[in-house]
Amino acid sequence: MSKNTLLTTFMAAILSLTSFTAMAEITTNDAYVRAIPPGTKTTAAFVTISNKKSQDVHLKSASSNVADAVELHNHVMKDGTMMMRQVDSIKVAAQQSVSLKPGSYHIMLINLQQDLTVGENIEFELSFSDGTKLKIEAPVKKIMDGMHSHHHH
Ligand SMILES: [Cu+2]
């Protein structure tokens, strides 16, 4: 390797490190999609979103090519029953994180185009109020919560 090539490689490493830092202000972890029986057309995805910025951001939308529609939902108590409701956005306060989880906020996948296989990775794009777009991969997982059924009535 010539001295020049080494320098170029070094510069490229610095550049990629810089852009990584800039993009890491909003990060996600523990993303997964609820496994469902074959033929089921609706499921939910969950993820923890962390905001390292000094301003609040809002998750505005999510998209995925496995479903016709992807909505942001929350669970609310109504007349003693847990109901799902669509929300415009999910707030991630400055320096905080929010967990989308069963019984709470979730990403709803409506009219699935395919059966989901446990272990398969589903791609999502998350769009935030500050213009950040994150591509994430969420593996399909079996969830044994039993407490919160996820039927649409
Ligand atoms: Cu829902």
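Colleague: Among contacts in this protein between residues at least 6 apart in sequence, what share joins residues at least 24 apart?
Modeller: A contact means heavy atoms within 4.5 Å. Of the contacts between residues at least 6 apart in sequence, those joining residues at least 24 apart make up 67%.

Colleague: What kind of model is this?
Modeller: Residues are numbered from 1 along each chain as its sequence is written, and side-chain values use heavy atoms, with hydrogens and water left out. Local features need pLDDT of at least 70, side-chain atom pairs count only at pLDDT 80 or more, totals for chains, interfaces and linings use all residues, and the model itself is predicted.

Colleague: How many strands does the protein have?
Modeller: Helices (H or I, at least four residues) and strands (E, at least two) are DSSP runs, numbered from the N terminus. The protein has one helix, and its strands number ten.

Colleague: Which residues coordinate the copper ion?
Modeller: Donors are N, O and S atoms within 2.8 Å of the metal (3.2 Å for Na, K and Ca); water is not among the atoms, so sites may look incomplete. Along the chain, the donors of the copper ion follow the spacing H-x10-M-x21-H-x1-M. At 2.1 to 2.2 Å, the coordinating residues are His73 (ND1), Met84 (SD), His106 (NE2) and Met108 (SD).

Colleague: And what arrangement do the four donor atoms make around the copper ion?
Modeller: Four donors count as tetrahedral if all angles lie between 85 and 135 degrees. Around the copper ion the angles are 94 to 121 degrees, so the arrangement is tetrahedral.

Colleague: Are His106 and Met108 buried or exposed?
Modeller: Buried means under 20% relative accessible area, exposed over 50%, and partly exposed in between (1.4 Å probe, protein chains only). By that reading, both His106 and Met108 are buried.

Colleague: How many residues are in the largest nonpolar core?
Modeller: A nonpolar core is a set of buried Ala, Val, Leu, Ile, Met, Phe, Trp, Tyr and Cys residues joined through side-chain atoms within 4.5 Å. Those with the most contacts inside the largest one include Val33, Ile107 and Phe128, and its residue count is 30. Among the strands that each supply at least two residues of this core are E1 (26–34), E8 (106–112) and E9 (121–128). So, to give the total again, the count is 30.

Colleague: Which residues does Phe128 touch, not counting residues up to four places away in sequence?
Modeller: Phe128 is among the residues with the most contacts inside the core. With residues up to four places away in sequence left out, Phe128 touches Ile26, Ile49, Val57, His58, Leu59, Lys60 and Leu134.

Colleague: Where does Asp79, with its positive phi, lie?
Modeller: Most residues other than glycine have a negative phi. Asp79 is not a glycine, yet its phi is about 50 degrees. Asp79 is exposed, at a relative accessible area of 76%. Its place is in the loop between E4 and strand E5 (81–86).

Colleague: Which residue meets Lys53 in a salt bridge?
Modeller: A salt bridge is a side-chain nitrogen of Lys or Arg within 4 Å of a carboxyl oxygen of Asp or Glu, and the whole structure has three. The pair links distant parts of the chain, 77 residues apart, with Lys53 in the loop between E2 and E3 and Asp130 in the loop between E9 and E10. Lys53 counts as buried at 14% relative accessibility, whereas Asp130 is partly exposed at 32%. At 2.6 Å, N to O, the partner of Lys53 is Asp130.

Note on methods: Four donors count as tetrahedral if all angles lie between 85 and 135 degrees; four count as square planar and six as octahedral if opposite donors are over 155 degrees apart and all others between 65 and 115; anything else is irregular.
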